[in-house]
Amino acid sequence: MKKESVDQFVMVNAGKFPEFTQMQLRQTLEKMSDDKEGILLSTSWKDPLTTFLLAFFLGGLGVDRFYLGDTGLGVLKLLTCGGAGIWALIDLFTAHNRARNVNLNMLNMI
């Protein structure tokens with residue numbers, strides 16, 4: 001990708017990836033071919049704030065897990081009422097990092 005495109009992507013989406021991988025993110029994007037740029041720009045990145053809000057308001061129902069694509073864990077969390085609240089509380093504190101790691105995995109798959 002072109003340097004300008006990389007800079008623009010990082011400015012817009014930097015908060016959606018783990019902070020410790022910012023340099024790795026730039027390097028990965030710079031090595032990416034131009035034909036994958038369209039795929040990259042059309043990908044729906046998971047928002048860490050949305051994940052946190054879903055975990056806060058609907059965490060006991062597993063909605064945050066469904067949002068991140070963890071369907072099996074979402075169903076389990078729904079059936080156990082958020083693991084009697086304990087699992088929902090843990091997910092509340094890890095929601096930001098889980099969303100950022102999902103985004104990093106999606107980028108690596110592209």
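**Helices, a nonpolar patch and a charge network**

Q: Where is Val75 found?
A: Val75 is found in helix α6. Helices here are DSSP runs of H or I with at least four residues, strands are E runs with at least two, and numbering starts from the N terminus.

Q: What kind of model is this, and how are residues numbered?
A: It is a predicted model, where local features need pLDDT of at least 70 and side-chain atom pairs count only at pLDDT 80 or more, while totals for chains, interfaces and linings use all residues. Residues are numbered from 1 along each chain as its sequence is written, and side-chain values use heavy atoms, with hydrogens and water left out.

Q: Back to Val75. Is it buried, partly exposed or exposed?
A: Val75 counts as partly exposed because its relative accessibility is 38%. The cut-offs: buried is under 20% relative accessible area, exposed is over 50%, and partly exposed is in between, with a 1.4 Å probe and protein chains only.

Q: Which residues make the nonpolar surface patch?
A: Val75 is one of them, and the others include Leu49, Leu53, Phe56, Phe57, Leu58, Leu61, Phe66, Leu78 and Leu79. The patch covers about 950 Å². Areas come from Shrake-Rupley with a 1.4 Å probe, and for residues only the protein chains shown count as cover.

Q: Which helix gives the most to the nonpolar patch?
A: α4 does, with 5 residues. Both α4 (48–58) and α6 (71–79) supply at least two residues of it.

Q: Zoom out. How many helices and strands does the chain have?
A: The chain has 8 helices and 0 strands. The order from the N terminus is α-α-α-α-α-α-α-α.

Q: What box do the C-alpha atoms fill?
A: Roughly 50 × 20 × 15 Å, along the principal axes.

Q: What share of the residues is buried?
A: 35% of the 110 residues. The chain exposes about 6,500 Å², and carbon and sulfur atoms supply 65% of that.

Q: How much of the contact count comes from residues 24 or more positions apart?
A: Such pairs account for 60% of the contacts with a separation of 6 or more. Contact means heavy atoms within 4.5 Å.

Q: Now charges. How many positive and negative side chains are there?
A: There are 11 positive and 11 negative, and the centres of the two sets lie 3 Å apart. Lys and Arg count as positive, Asp and Glu as negative; His and the chain ends are not counted. Each charge is placed at NZ of Lys, CZ of Arg, CG of Asp or CD of Glu.

Q: How many salt bridges does the structure hold?
A: The structure holds 8. The criterion is a side-chain nitrogen of Lys or Arg within 4 Å of a carboxyl oxygen of Asp or Glu.

Q: What does Asp64 pair with in a salt bridge?
A: Arg98, at 3.1 Å, N to O. Asp64 is in helix α5 (residues 63–67) and Arg98 in helix α8 (residues 86–109), so this pair links distant parts of the chain, 34 residues apart.

Q: Are Arg98 and Asp64 buried or exposed?
A: Arg98 is buried, at a relative accessible area of 15%. Asp64 is buried too, at 0%.

Q: Which residue does Arg65 bridge to?
A: Asp91, with the closest N and O atoms 2.9 Å apart. Arg65 sits in helix α5 and Asp91 in helix α8, so the pair ties together parts 26 residues apart in sequence. Arg65 is buried at 10%, and Asp91 is buried at 1%.

Q: New topic. What phi does Cys81 have?
A: A positive phi of about 55°, and Cys81 is not a glycine. Most residues other than glycine have a negative phi. Cys81 lies in helix α7 (residues 81–84) and is exposed, at 57%.

Q: And what about Ala84 and its phi?
A: Ala84 is not a glycine, yet its phi is positive, about 60°. Ala84 is in helix α7 and exposed, at 69%.

Q: Last one. What is Asn103 in contact with, leaving aside neighbours within four places?
A: Lys16, Phe17, Trp45 and Lys46. Asn103 is in helix α8 and buried, with a relative accessible area of 0%.

Notes
Patches are made of residues with over 30% relative accessible area and no salt bridge: like charges are joined within 9 Å, nonpolar side chains (Val, Leu, Ile, Met, Phe, Trp, Tyr) within 5 Å.
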